[in-house]
Amino acid sequence: MIYRLAQPIEIALLATKDQDEAKAMLICQTKVRQKKLPMEVVDAEYHWDRRKLTFYFVAERRIDFRELVRDLFKIYKTRIWMCAVNPMTTKVGKN
C-alpha cells in the first residue's frame, strides 16, 4: 500500500544510503581479507535511521567474527549485525 509519494529529500537520502552501503561493503570485504576469514561479504544494508548496519555473508562453516565486528564498529559507530545467507540464493549486488 502506498501512503504518499517520496519527497525529493527522501529520494536524495536513498541515493546517499545506497552509496554508503556500497562503500561499507567494500571496507568490510577488505577487513575480511586482512583477517583472512573464510567468508565472502555479499551485501551491506543500513537501516533508515542508520542505527544498525547489517552485513550479509556466505561461509561454509561457523566463523568467529567478533574482532571484525569490533573493527567495523570503530569505523561506523553504529550497531553492526552479521547475517549469514544461503549461497544458492545469493545475488551479488542489488536489483
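UniProt places the feature "domain: PSP1 C-terminal", from an unreviewed entry, at residues 1-85; UniProt positions are given in the numbering used here, feature names are shortened, and annotations may be inferred rather than shown by experiment. The model is predicted, so that local features need pLDDT of at least 70 and side-chain atom pairs count only at pLDDT 80 or more, while totals for chains, interfaces and linings use all residues. Residues are numbered from 1 along each chain as its sequence is written, and side-chain values use heavy atoms, with hydrogens and water left out.

### Overall architecture

The secondary structure of the chain comes to two helices and three strands, where helices (H or I, at least four residues) and strands (E, at least two) are DSSP runs numbered from the N terminus. From the N terminus on, these elements run α-β-β-α-β. Over residues 1-85 the chain is 46% helix and 24% strand, and the end C-alpha atoms of that stretch are 28 Å apart. The C-alpha trace of the chain spans about 45 × 30 × 20 Å along its principal axes.

Of the 95 residues in the chain, 28% are buried; buried means under 20% relative accessible area, exposed means over 50%, and partly exposed lies in between (1.4 Å probe, protein chains only). Among the contacts in the chain with a separation of 6 or more, 60% are accounted for by residues 24 or more positions apart, contact meaning heavy atoms within 4.5 Å.

### Packing of the two helices

Two packed helices are described by the angle between their axes and the distance between the axes. Helix H1 (residues 8-35) and helix H2 (residues 66-76) pack at an angle of about 140°, with their axes 11 Å apart; the axes are lines fitted to C-alpha atoms, for helices over the stretch in contact, and angles run from 0 to 180 degrees between N-to-C directions. H1 and H2 are therefore oblique to each other, since angles under 35 degrees count as roughly parallel, over 145 as roughly antiparallel, 65 to 115 as roughly perpendicular and the rest as oblique. The crossing of H1 and H2 is right-handed, a crossing being right-handed if the near helix is turned clockwise from the far one by less than a right angle, and left-handed if anticlockwise.

On the H1 side, the residues of this contact are Lys 23, Ala 24, Ile 27, Cys 28, Lys 31, Val 32 and Lys 35, and they meet Glu 67, Leu 68, Asp 71, Leu 72, Ile 75 and Tyr 76 in H2. By class, the contact of H1 with H2 has eight nonpolar, no polar and five charged residues; Ala, Val, Leu, Ile, Met, Phe, Trp, Tyr, Cys and Pro count as nonpolar, Asp, Glu, Lys and Arg as charged, and the others, Gly among them, as polar.

### Individual helix residues

Val 32, which lies in helix H1, is buried, with a relative accessible area of 4%. Not counting residues up to four places away in sequence, Val 32 touches Leu 37, Met 39, Val 41 and Leu 68. Thr 30 also has its place in helix H1, and at a relative accessible area of 33% Thr 30 is partly exposed. Pro 8, likewise in helix H1, is exposed, with a relative accessible area of 63%.

In helix H2 lies Phe 73, which counts as partly exposed at 42% relative accessibility. Leaving aside its neighbours within four places in sequence, Phe 73 is in contact with Thr 78 and Ile 80.

| Pair | Separation in sequence | C-alpha to C-alpha distance |
|---|---|---|
| Val 32 and Cys 83 | 51 residues | 14 Å |
| Thr 30 and Val 41 | 11 residues | 9.7 Å |
| Pro 8 and Asp 71 | 63 residues | 34 Å |
| Phe 73 and Leu 53 | 20 residues | 9.4 Å |

### Loop residues with positive phi

Most residues other than glycine have a negative phi. Lys 36, although it is not a glycine, has a positive phi of about 55°; Lys 36 is found in the loop between H1 and strand E1 (40-46), and at 72% relative accessibility Lys 36 counts as exposed. Arg 50, a residue other than glycine, has a positive phi near 60°. Arg 50 is found in the loop between E1 and strand E2 (52-58), where, at 31% relative accessibility, Arg 50 counts as partly exposed.
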